[in-house]
Amino acid sequence: MPRRGLVLAVLLSALLAGCTAGPSKRPPVVENDEPVSSAPASSATDVPLPPLTEPRSPALDWADCDAQTRSRLGTEAPGYLRFSCGTVMSTLDDPALPGRVQTRVSVLKAGNGAIPLVVVNDVAGEPGTLHAARLASALPPALLQRFSLIGVDRRGTGESDPLSCVPEDTRSQLLNQDPADDDLEPLLDAARKAGQQCAIDLGGAQQAFDSWRTAGDLEEIRDELGVPKLHALAHGEGSHVLISYAARFPERVGRFVMDGIPDPSSDTVTVLGDLAAAQQATLDAYGRAVGQDAAATVNAVMDRLRAAPQVLPGGAVFGAGTALRAVVTGLADRARWTELARALDAGRAGDVRGLAGFVAPMLNGSDVSPSHLDGTLATECNDTVERMPADRISGLTTELRGRYPVFGGLVTQRLVWCLPWPARTEPLPTLGTSGLPPILVTSTLTDPVTPETGTVRAAQQIPSAVRVAWQGAGHGALGSPCAAEAVRAFLVDGKVPADGTLCPA
């Protein structure tokens with residue numbers, strides 16, 4: 001039976017409420033991107049950081065996957081790193097068949113530190129196992145002397161019984177809607193096709209892919225790792241999983257780091273407006289960094305593709321919408337800005353192969369390398385309560401496009417993606433779980449995926465949060481040596497930085 005058939009057969013058989021952003025009007029500043037000095041823990045919590053306890057009687061079996069992982073990375077990993085892979089079986093928690101079905105969760109261990117640190121990535125980003133391997137190559141080696149990173153492919157993604165329910169031509173249609181187009185009907189039609197096919201393929205399990213249930217997977221992983229507390233690091237939207245975990249298993253919360261948090265506000269207009277503004281600000285920062293008139297170059301590429309969309313190998317249409325998604329993907333990863341500049345210059349001359357590489361993981365899907373889009377669609381729609389009517393989405397798109405000409409028409413498209421998806425009936429997990437130890441939140445001044453304004457709003461609702469603010473650009477602050485050192489001191493030494501500490505760009 002094909003891999004997809006096996007998967008489907010198995011399938012079918014939240015946390016400084018009302019507080020200010022810092023303990024004083026003038027937060028401490030770290031000069032020249034040097035390590036953050038230790039400061040007393042925030043008075044917002046009386047719960048100390050849990051001690052680091054080595055595993056006892058772990059049940060998780062590891063197999064060597066060093067060569068395979070180095071090949072997946074595509075770049076040279078430090079020689080001191082070793083990679084091992086494993087599998088955990090977790091309850092799918094299918095709303096239609098609660099507790100009856102198991103789902104496979106793929107995990108990867110990077111490094112040999114005695115304490116496991118679970119790593120959760122954005123669901124729309126690269127699989128968590130690959131993200132953890134890449135992160136291990138970038139974090140301070142001293143952190144890996146104490147911890148091993150445990151990357152997790154979130155349910156429905158990577159090698160964790162990946163979802164593959166959206167037809168290939170429909171994926172192309174979802175990604176390629178022109179953000180300048182006033183007619184949302186083609187996008188809505190593609191969303192209907194995607195939702196209908198996923199409903200057929202997944203049945204009652206359609207709503208079993210969300211952050212709440214993924215938190216249950218983390219609890220199973222913690223248990224098999226043999227540790228009393230879960231120590232974890234989440235990147236961007238992956239913070240939703242740790243927020244859910246804290247709400248479900250507060251007594252199991254160890255040392256948590258959240259590198260960017262999605263805006264928890266229920267005001268969709270503000271949230272999406274801030275997202276479009278952050279994407280524009282990142283584009284401007286990118287242009288200054290690479291010496292390119294970024295907005296003009298992006299618009300030129302999109303205009304060329306509007307006049308003559310290209311067809312990629314495999315049949316996917318690469319037009320203005322897909323090109324702009326490629327740009328956002330490139331802006332999120334500062335390490336790829338030079339690559340993005342080359343791809344945009346080539347795209348302006350008619351060669352889109354470089355840009356297509358940025359969105360290939362979303363467009364292309366196979367049993368060996370499943371598309372990222374299917375798991376993203378399921379998780380993000382299941383994590384969303386609101387379903388905005390199409391006419392309101394159209395009006396909001398027009399409004400945001402007027403304020404943010406490049407990105408205003410793009411940020412509303414996922415509202416359309418989720419319209420045909422069953423609405424979430426369970427309440428979202430609260431950020432205000434009390435009695436937790438300090439939680440370190442890092443924000444990035446110019447972040448095109450989790451804007452700093454949203455991360456600040458979220459941190460203000462987490463009773464035990466302390467925030468380190470990097471004044472740089474890109475998605476996530478751990479590329480800053482200053483922020484990375486703050487994370488190391490927090491995790492390894494138990495030093496809680498002063499809330500509002502600044503790390504300069």
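This is a predicted model: local features need pLDDT of at least 70, side-chain atom pairs count only at pLDDT 80 or more; totals for chains, interfaces and linings use all residues.
The side chain of glutamine 177 reaches the backbone oxygen of aspartate 183 at 3.0 Å. Glutamine 177 sits in the loop between helix 5 and helix 6. Setting aside residues up to four places away in sequence, glutamine 177 touches Asp183, Leu184, Pro186, Leu187, Gly321 and Gln413.

Cysteine 165 is joined to cysteine 198, with the sulfur atoms 2.0 Å apart. The link spans distant parts of the chain. Cysteine 165 lies in the loop between strand 5 (147-152) and helix 5 (168-175). Cysteine 198 belongs to helix 6 (residues 185-202), 33 residues apart from its partner. The torsion about the S-S bond is about 75°, so this disulfide is right-handed. Both ends are buried: cysteine 165 has a relative accessible area of 2%, and cysteine 198 has 0%.

Aspartate 161 has a positive phi of about 40°, although it is not a glycine. Its relative accessible area is 8%, so aspartate 161 counts as buried.

The angle is about 50°, and serine 57 is not a glycine either. Serine 57 lies in the loop between helix 1 (3-12) and strand 1. Is serine 57 buried or exposed? With a relative accessible area of 72%, serine 57 is exposed.

Cysteine 65 and cysteine 85 are bonded, their sulfur atoms 2.1 Å apart. Cysteine 65 is in the loop between strand 1 (63-64) and helix 2 (66-73). Cysteine 85 is in strand 2 (residues 83-91). Cysteine 65 is buried at 5% relative accessible area, whereas cysteine 85 is partly exposed at 23%.

What is the handedness of the link between cysteine 381 and cysteine 418? With -90° about the S-S bond, that link is left-handed. The sulfur atoms of cysteine 381 and cysteine 418 are 2.1 Å apart. Here the bond runs from helix to helix: cysteine 381 is in helix 14 (residues 372-382) and cysteine 418 in helix 16 (residues 413-418), 37 residues apart. Cysteine 381 and cysteine 418 are both buried.

How many disulfides does the chain have? The count is four. Counting bonded cysteines along the chain, the pattern is 1-2, 3-4, 5-6, 7-8.

Now return to the end of helix 6. Aspartate 210 is found in the loop between helix 6 and helix 7 (211-225). Aspartate 210 is buried, with a relative accessible area of 1%. Which residues does aspartate 210 contact, beyond its neighbours within four places in sequence? They are Arg155, Thr379, Asn382, Asp383, Arg424 and Glu426. With arginine 424, aspartate 210 makes a side-chain to side-chain polar contact at 3.4 Å. The C-alpha atoms of aspartate 210 and glycine 156 are 9.5 Å apart, although 54 residues separate them along the chain.

The lining has 15 residues, with Pro55, Trp62, Lys109, Ala114 and Leu225 nearest the centre.

The last stop is helix 17 (residues 452-460). Its buried residues are Glu452, Gly454, Thr455, Val456, Ala458 and Ala459. These buried residues pack against strand 10 (439-446) and strand 11 (465-473).

Conventions. Residues are numbered from 1 along each chain as its sequence is written. Side-chain values use heavy atoms; hydrogens and water are left out. A disulfide is a pair of cysteine sulfur atoms within 2.5 Å. Helices (H or I, at least four residues) and strands (E, at least two) are DSSP runs, numbered from the N terminus. Buried means under 20% relative accessible area, exposed over 50%, partly exposed in between (1.4 Å probe, protein chains only). Contact means heavy atoms within 4.5 Å. A polar contact is a pair of N or O atoms within 3.5 Å; within protein, one must be able to donate a hydrogen and the other to accept it, and residues adjacent in sequence count only if both atoms are side-chain atoms. On a 1 Å grid over the protein atoms alone, a cavity is a set of points where a 1.4 Å probe fits but cannot get out, and a pocket is an open set with protein on both sides within 12 Å along at least five of seven lines; lining residues have an atom within 4 Å of a point.
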